[in-house]
Amino acid sequence: MTVVPAERRVFIDKQSPKAYKALLAAAEAAKEVAAEAGLDRRLVELVNLRVSQINGCAYCLHVHTRAALREGETAQRLGVLPAWRDTELFTARERAALALAEATTNPADAALQAAAYGLAREVFTEEELSAAIWVAITINSFNRVSIMSKHPVRPMPGL
């Protein structure tokens with residue numbers, strides 16, 4: 001199998017701007033739906049980060065860690081996010097959103113989906129539940145764009 005070096009990857013967002021603009025529009029709509037449903041921006045960033053962790057998207061982890069910190073998220077919670085089930089640091093709503101994020105990212109796991117949906121039904125309205133899923137769907141899409149393009153993460157002073 002031939003491995004293409006990162007410097008030779010096509011940045012598909014730049015190569016196909018029409019498709020990327022459509023993805024940006026979908027993400028903006030999901031962001032608006034989340035705001036209209038009353039989902040806290042920190043919760044949204046936790047979903048973005050958890051999905052990006054599962055998918056292994058370095059670029060999206062970089063972007064959304066910065067966004068979460070700007071929204072007031074703590075380094076402690078970000079550090080334990082991969083093990084959120086094993087801590088008491090996350091609220092019931094955050095736990096439900098994280099479970100939905102994982103179920104959306106791993107759609108073939110029917111048991112995971114059923115458990116996540118049940119948990120979400122206990123704490124979210126239908127509007128909130130739908131918005132949380134849309135956030136997870138859009139970040140999954142951006143993860144794939146960045147992973148396949150090998151978008152670079154460069155060191156930043158002060159971070």
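Of the chain's contacts (heavy atoms within 4.5 Å) with a separation of 6 or more, 72% join residues 24 or more positions apart. This is a predicted model, where local features need pLDDT of at least 70, side-chain atom pairs count only at pLDDT 80 or more, and totals for chains, interfaces and linings use all residues. Residues are numbered from 1 along each chain as its sequence is written, and side-chain values use heavy atoms, with hydrogens and water left out.

Now the fold. The chain has eight helices and zero strands; helices are DSSP runs of H or I with at least four residues, strands are E runs of at least two, numbered from the N terminus. The radius of gyration is 16 Å, close to the 15 Å from the globule rule for 159 residues, so the chain is as compact as a globular protein of that length. That radius is over C-alpha atoms, and the rule is 2.2 Å times the number of residues to the power 0.38. Along the principal axes, the C-alpha atoms fill a box of roughly 45 × 35 × 35 Å.

Next, burial. Buried means under 20% relative accessible area, with a 1.4 Å probe and protein chains only. Of the 159 residues, 38% are buried.

Which helix deserves a look? Take α6, residues 92-105. Ten of its 14 residues are buried, so α6 is largely enclosed by the rest of the structure. Among them are Glu-94, Leu-98, Leu-100, Glu-102 and Thr-105. What do the buried residues of α6 pack against? Four partners: α3 (41-55), α5 (75-80), α7 (110-123) and α8 (126-149).

Conventions:
Buried < 20%, exposed > 50% of the residue type's maximum accessible area, 1.4 Å probe, protein only. Expected span 1.5 Å × (residues − 1).
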